[in-house]
Each structure stands twice: as C-alpha cells, then as structure tokens.
Amino acid sequence: MAYSFRITEEYCVLAVELEQAGYFWQPRAGDWVLDRDDSSVGMLTLPITDQATVRRLNYHLPTYVQVNEMLDRMVVKFVSSGGAIVASLGERELARFDAAHFQAEEAACRLKALVAAFRAGSA
C-alpha cells in the first residue's frame with residue numbers, strides 16, 4: 001500500500017469536487033493547498049490564525065493519510081470484485097475502479113471514492 005500521493009490535475013479537480021460535495025476543511029500547518037485564483041499549489045507552513053481566510057483563498061489537497069482517515073471515519077470499504085476494486089458504504093456502491101488503474105493511481109481513486117461518499121450525504 002502506498003502512503004504518498006501525486007498532485008496531478010485530476011487530483012486537484014477531485015479536491016475541488018470534495019469541497020463542493022460538502023467537505024469542510026480545518027486548515028492547519030502542513031496542509032497542501034490549491035490557490036483558488038491562480039491554481040498554484042503550496043503548503044501551509046505557519047500556524048493558522050484565520051481559518052476562514054485560508055479556506056476562502058484555497059482548496060485543501062488532502063494527503064493520502066488524510067483521505068484514508070476520512071474514509072475510515074465514514075466506514076468506506078474497498079473490496080476486490082471480478083478484476084475491479086469496489087468502494088462501498090454499507091450496501092451502497094460508491095465507485096468502481098479497474099484493478100490495474102486502482103493500483104497505479106490509488107490515491108486519486110481513494111479521493112474519488114471519498115467525493116462519492118460525501119455526495120451520498122454520509123459526511
């Protein structure tokens with residue numbers, strides 16, 4: 001299992017979708033961010049004194065570990081099924097990924113499943 005993530009264009013789009021699906025971020029030092037104005041990527045390095053302003057200016061790019069923590073809290077499960085990896089919440093299927101694609105892009109697939117879980121209203 002990989003514990004890293006690549007900040008790709010797809011990952012940035014998914015991070016924006018995560019917020020639009022209802023994710024409310026509590027900014028803290030060490031978080032990766034996507035600037036809302038110019039789409040530049042950076043990391044918060046200082047203690048955050050004004051969370052509202054940081055959220056207004058940036059989208060959160062959650063790390064692999066942060067995504068997994070949220071998936072665990074929501075009890076999203078991943079199982080192999082006929083050459084695919086299926087993300088589910090209870091009996092509800094959230095997303096289905098080709099196993100090879102999931103292995104190559106696990107962090108993005110997990111983020112996509114998290115977006116689907118938020119959209120399902122389970123946050």
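Predicted model: local features only at pLDDT ≥ 70, side-chain atom pairs only at ≥ 80, totals over all residues.
1. Residues are numbered from 1 along each chain as its sequence is written, and side-chain values use heavy atoms, with hydrogens and water left out.

2. The relative accessible area of Cys 12 is 12%, and that of Cys 109 is 2%.

3. Helices and strands here are DSSP runs numbered from the N terminus, the helices being H or I of at least four residues and the strands E of at least two. Helix 5 covers residues 106-119, and its end C-alpha atoms are 20 Å apart, in agreement with the 20 Å that its 14 residues should span at 1.5 Å a residue; the expected span is 1.5 Å times one less than the number of residues. Just after helix 5, Gly 121 takes a positive phi of about 80°.

4. Helix 5 is mostly covered, since twelve of its 14 residues are buried, among them Cys 109, Leu 111, Leu 114, Val 115 and Phe 118. The elements that cover these buried residues include helix 1 (9-20), helix 3 (64-74) and strand 4 (76-81), where contact means heavy atoms within 4.5 Å.

5. Glu 106 lies in helix 5 and is buried, with a relative accessible area of 13%. Its side chain makes a polar contact with the side chain of Tyr 64 at 2.7 Å. A polar contact is a pair of N or O atoms within 3.5 Å; within protein, one must be able to donate a hydrogen and the other to accept it, and residues adjacent in sequence count only if both atoms are side-chain atoms.

6. Leu 18, placed in helix 1, is buried with a relative accessible area of 0%. Leaving aside residues up to four places away in sequence, Leu 18 touches Tyr 23, Pro 62, Leu 111, Leu 114, Val 115 and Phe 118.

7. Three strands form an open sheet in the order 2-1-3, with antiparallel pairing; two strands pair if DSSP finds at least two bridges between them. Strand 2 (41-43) and strand 3 (58-61) stand at the edges with a single partner strand each, so one side of each is left without a neighbour in the sheet. Strand 1 (residues 32-35) is joined to strand 2 by three bridges and to strand 3 by four. Val 33 has Gly 42 as its bridge partner in strand 2 and stands opposite His 60 in strand 3.

8. In strand 3, Asn 58 and His 60 point one way and Tyr 59 and Leu 61 the other way, and all are buried.

Notes:
Buried < 20%, exposed > 50% of the residue type's maximum accessible area, 1.4 Å probe, protein only.
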